[in-house]
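Please go through the model below and work out its strands, its core and its cavity by question and answer.

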Amino acid sequence: MKRLFFAATALALLMPSLAMADEFKAESKIVSATVYTGRAKVTRVAEIDLPAGAHTVVFTGLPAILLPDSLRAEGSARADVKFGAVAHKQIMSSQLTSARENELNAELEKLQDQVTLLNSEKNALTAQRTFIQALGTQANLRSDEEIAELNLKPDQWSAAGQTIRNDLAETLKGEVMLDIRLREANRDITRVRGELDAQRTDQRSTWSVTVPLESTEATKLKIELSYQVPNATWTPIYDARLETEGQGDLKLQQFGSVQQTTGEDWEDIALALSTAQPQRGTGLPDLQPNWVDAYERGQVVGTNRVDSATTFDGGGPGSQMQFKSMSSNIVQASSGFGGIMGGAAMEAAPPPPVERKAEFAAALANNSGFVSEYKIPGPSRVMSDGTETKLMVGGFDLDSKLEVHIKPQLSTEAYLVAKSKLKGESPILPGQVNLFRDGAFIGQSRLPLLRPGEEQQLYFGVDDQVAVKRKTLKDERKEAGIISRDNILDRHFVTEIQNLHTKKVDIVVKETVPAPRNEKVRVEISKENTTTGYTEDTANIKGMTVWQFPMEAKEKKELKLGWTLTWPSGTTLSGL
């Protein structure tokens, strides 16, 4: 089988017979798509029984948002086939190009016509009701300027009244039935409009692509046409599942959320998700001089001026966001059966079948370059209506430990935290993470870009088995000094902690003391009124004071913090 690629130069000069080529319409179908952030590469395949000689293969009905510069043709055949230059042309149409959009538009028009007819029937019934009511009124009065004179005998009045009542009841019943049908039709209109909004492309043009070629003999040609389209994207979504029993096992699984409104449904295709970003520029713009002028009383000091607008040449399509290789920590799904039993074991009764838990199949990751690509196993289906399709990508290997975090300034509730270090060689891409604790969904958070070896904390809700109380022991303000008086503020606190668990837990307590921005404002932690073992300015946060210690089951502990703030008399202090 020979692999063929289109020539970038016009081979028509080398093959004049192409000008008189037979034309074959390619009955193609989408077989694969690679989704990036903001666009996708789509591949169509057609098989053609190709006679010998020069011919032209035509692909029609391609989406209007197709990016022409991304068109690429290739193929394979058992004979020698040469491709000419790929050409493309936009075809305008009076109809919408999306089949589903046309169906919905037709359904909407039919429903709107139905509502118009129902309203007309209702108006007729309303007029009939008005007439009957007027007739009944005039029958009682025995006169009417707008209705002919009534000559009813007394014995006919009862029958006439009954007739009027029956006609009026039927008319009212008809109006109610029409109201019901109108309500149902309006509901259908709302539904169809919702579907139409999701499908709407308003595309009334398509692309036609021609591929000239010449074959030395009759052959079956498999031709592929690939192109890029916008309005398609994928984002990472994670499930973090924490089991609090034992060592606190944390599993992190990555999914890909795919959405597209390209105007083409992707059904039973090979789908891949890529971290490349071809819509971004290929490089940074050139740096320009950063001119600085000094102005004094309206006069310009110096002569350097920017005489024209600074321009730069951003990179064009085709760039790729660079990531480290992601090969080692994507967990691939695997399955298998044990080896064949031999000897006497072959004669033994087979063991009863063991039920296995159904699991998602992980994507096959290709991380050989600067970008990663995840091939989703099996055929995939992503409709062109913006519906979110969630696909399994894989899992990450984490080294995790559980801690209980307390911030008594904010709350007397303790929170369970999984502190995890990413193992392997693959980074975690930024994305939403769904949090589960012991199988129960407890909320959502976000993960930043994490590289191997970096740590991240995920909060898994309140730990009711750690009791916290906070008290203010001292809150006193005074003045000091004889010649120059200073304001002094003393505050002392105590936090009471009790571990109600039946096992040891690691406690982290965080408090902040005032952080002066002015050199005239001074703060000092009172050593005699503060529990030892703390660190100051933790994580480069000014004033962050942190204690970290283990607590045995049922253990109680008091944590004290005292500080003194001093500032000049006569000045106003802010921030407290």
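Predicted model: local features only at pLDDT ≥ 70, side-chain atom pairs only at ≥ 80, totals over all residues.

Q: How many helices and how many strands does the protein chain have?
A: The protein chain has 576 residues, of which 36% count as buried. Its secondary structure consists of two helices and 31 strands.

Q: What share of the contacts in the protein chain with a separation of 6 or more comes from residues 24 or more positions apart?
A: The count takes in contacts in the protein chain with a separation of 6 or more. Within that set, residues 24 or more positions apart account for 78%.

Q: Which residues have the most contacts inside the largest nonpolar core?
A: Nonpolar side chains tend to be buried together in soluble globular proteins. In this model the largest nonpolar core has 82 residues. Apart from it lies another core of twelve residues, with Leu-104, Leu-111, Leu-118 and Val-192 among them. In the largest nonpolar core, the residues with the most contacts are Phe-59, Ile-223, Leu-252, Trp-266, Leu-271, Leu-273 and Ile-507.

Q: Which residues is Trp-266 in contact with, leaving aside its neighbours within four places in sequence?
A: Trp-266 is one of the residues with the most contacts inside the largest nonpolar core. Leaving aside neighbours within four places in sequence, Trp-266 is in contact with Ile-30, Ala-33, Val-35, Ala-40, Val-42, Ala-232, Gln-260, Leu-271, Ser-380, Arg-381 and Val-382.

Q: How many of the ten residues of strand 5 are buried?
A: Strand 5 covers residues 53-62 and is mostly covered. The number of its ten residues that are buried is seven.

Q: Which residue of strand 5 is the bridge partner of Lys-25?
A: Strand 2 (residues 22-25) and strand 5 run parallel and are joined by four bridges. The bridge partner of Lys-25 in strand 5 is Val-58.

Q: What is the volume of the largest cavity?
A: Searching the whole structure gives one cavity of 30 Å³ or more. The volume of the largest cavity is about 90 Å³.

Q: Which residues lining the largest cavity are the closest to its centre?
A: Strand 12 (249-260), strand 21 (415-422) and strand 24 (455-462) each supply at least two residues of the lining. By type, the lining divides into eight nonpolar, two polar and three charged residues. Of the 13 residues that line the largest cavity, the closest to its centre are Leu-252, Leu-398, Ser-420, Leu-450 and Gln-456.

Q: Is Ala-272 buried or exposed?
A: The place of Ala-272 is in strand 13. Not counting residues up to four places away in sequence, Ala-272 touches Ala-33, Thr-34, Val-35, Glu-373, Tyr-374 and Lys-375. The relative accessible area of Ala-272 is 5%, and the cut-off for this class is under 20%. Ala-272 therefore counts as buried.

Q: How far apart are the C-alpha atoms of Ala-272 and Leu-364?
A: Ala-272 and Leu-364 are 92 residues apart along the chain. Their C-alpha atoms are separated by 9.2 Å.

Q: Why does Asp-268 count as exposed?
A: Asp-268 is found in strand 13 (residues 266-274). Its phi is near 55°, a positive value in a residue other than glycine. A residue is exposed when its relative accessible area is over 50%. Asp-268 counts as exposed because its relative accessibility is 58%.

Q: What value is phi of Lys-554 near?
A: Lys-554 is found in the loop between strand 30 (544-551) and strand 31. Phi is positive in this residue, which is other than glycine, and is near 70°.

Q: Which residue of strand 31 stands opposite Asp-490?
A: Strand 26 (residues 486-499) and strand 31 (residues 556-568) run antiparallel, joined by 13 bridges. Standing opposite Asp-490 in strand 31 is Thr-564.

Q: Which residue in strand 31 is the bridge partner of Arg-522?
A: Strand 28 and strand 31 run antiparallel, with four bridges joining them. In strand 31, Arg-522 has as its bridge partner Thr-566.

Q: How far apart in space are Ala-515 and Gly-543, C-alpha to C-alpha?
A: Ala-515 lies in the loop between strand 27 (505-512) and strand 28 (522-525). With 39% relative accessibility, Ala-515 counts as partly exposed. Ala-515 and Gly-543 are 28 residues apart in sequence. In space, C-alpha to C-alpha, they are apart by 5.3 Å.

Note on methods:
Residues numbered from 1 in each chain as written. Heavy atoms only, no water. Core = buried A, V, L, I, M, F, W, Y, C linked by side-chain atoms within 4.5 Å. Buried < 20%, exposed > 50% of the residue type's maximum accessible area, 1.4 Å probe, protein only. Contact = heavy atoms within 4.5 Å. Pairing = 2+ DSSP bridges. 1 Å grid on protein atoms, 1.4 Å probe; cavity = no way out; pocket = protein on both sides within 12 Å on 5 of 7 lines; lining within 4 Å. Points joined across faces, edges and corners; volume = space filled by probe spheres on them. Nonpolar A, V, L, I, M, F, W, Y, C, P; charged D, E, K, R; others polar.
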